[in-house]
Amino acid sequence: MEAVADSMDGDFVSMETGTGIHVDWEPIRGPQLASVLLRGGPAEPEKPAPDAGVLERALYALQVLLWSNSVMPGVSIVAAPEVLTVQAGTTFIGQASGPSIPVPNGAAGPMAVESGRGIMFVGGSAGASGRVWGVRVMDATDRYPHGYVTYFNNGNQTVNPFTGLPIPRSDPLWHIPLNPSTAP
Amino acid sequence: MTTSAANNALAPIVGRRLTAVVFVMDYVQMQFEAPDTVLTAITLPKVTLSQHQFVEGAFGYRDALCGLIGKSVRNASVVEGVELRIELDNGAVLTVSLNSDDARGGEAATFSAGPGELAVW
């Protein structure tokens, strides 16, 4: 699913998700870096509110947008039937170029991965379930020429960074490629 | 080249029993009685027992893996770029290929020996 941000006016963004669904989201400045109130809904106010399935697809589109276009307001996403809230993580790993990498709240680090091919932060909490425990930022490999990021729970199982639930290797969020060309 | 004993990441499990085999989505984790030690085999392991080899998809593969629960690790080694090799006290040998051609998820395996202690192959 392709997601395209089609307008940005001040702190208000209207996003065309590529499926005919509009998601309006408004960054809210708070004590943390930022948070975003997501309101899924049709473009015209007279249309009925979308069902949970529509919002789920919109949320997925937003995830794609956040990662691919580096508009990364936060890491924790809480989904409700008609309101989606994205809350900011408190820590990000900056890159010389490319998107910032959110670190689970309260995670300690950086620590070296023993193989010497990356760094990690562990002991934090993020994601809708709160079970995103750590993040690894790994060096470039043949498959990932700019490196990659992977999130995991406290059982060292790779998780979806937004939900905190375990995912299979086939999931695009298993290893999230770093790509300097997507720098904001 | 095999790692030396000093930097053998799998050293913490030597002498310890395999306590659990966890099938997670499409990979496997093995837990040992040493605290917080978990070997995550993204490239699925191969079990060799009594000259029989059990590989992913073969009849009896999961039984062979689970049959190792309770067995103690007699030796564990890392042969960089080749395999992780765990020998158990019943004569079984469990190997995880580190050959990049076999890596299905970009990584072949990870080994955690506690918070902040993680090796990745």
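**A walk through the two chains**

In chain A, A:M138 stands opposite A:Y148 in β12(A).

β11 and β12 belong to an open sheet of five strands in chain A, ordered β9-β10-β11-β12-β13 and paired in the antiparallel sense. Which strands stand at the edges? They are β9 (108-112) and β13 (176-177) of chain A; each has a single partner strand, so one side of each is left without a neighbour in the sheet.

How far can you trust what you see in chain A? The average pLDDT of chain A is 61, and 42% of its residues score at least 70. Among the elements of chain A, β12(A) has the highest mean pLDDT, 93, while strand β5 (residues 76-79) has the lowest, 34. In residues 1-50 of chain A the pLDDT is below 50, although this stretch has 104 contacts in the model beyond near neighbours in sequence. Residues 64-90 of chain A also have a pLDDT below 50, with 80 contacts in the model beyond near neighbours in sequence. Where pLDDT is low, the predicted coordinates should not be read in detail.

Strand β6 (residues 73-79) pairs with strand β7 (residues 83-88) of chain B in the antiparallel sense over six bridges, and here B:V78 stands opposite B:L84 in β7(B). Three residues lie between the strands of this hairpin, where B:G81 takes a positive phi near 75°. β7(B) also pairs with strand β8 (residues 93-97) of chain B, again antiparallel, over five bridges. Across that pairing, B:E83 stands opposite B:S97 in β8(B). The hairpin of β7(B) and β8(B) has four residues between its strands, and in it B:G91 takes a positive phi near 90°.

Finally, look at where the chains meet: 20 residues of chain B are in contact with 22 residues of chain A. On the chain B side, β3 (38-41), β9 (109-114) and β10 (117-120) each supply at least two of the touching residues. β10(B) gives the most, with four residues.

Key
Residues numbered from 1 in each chain as written. Chains lettered and ligands numbered in written order. Predicted model: local features only at pLDDT ≥ 70, side-chain atom pairs only at ≥ 80, totals over all residues. Contact = placed C-beta atoms within 7 Å. Pairing = 2+ DSSP bridges. pLDDT = per-residue confidence, 0-100.
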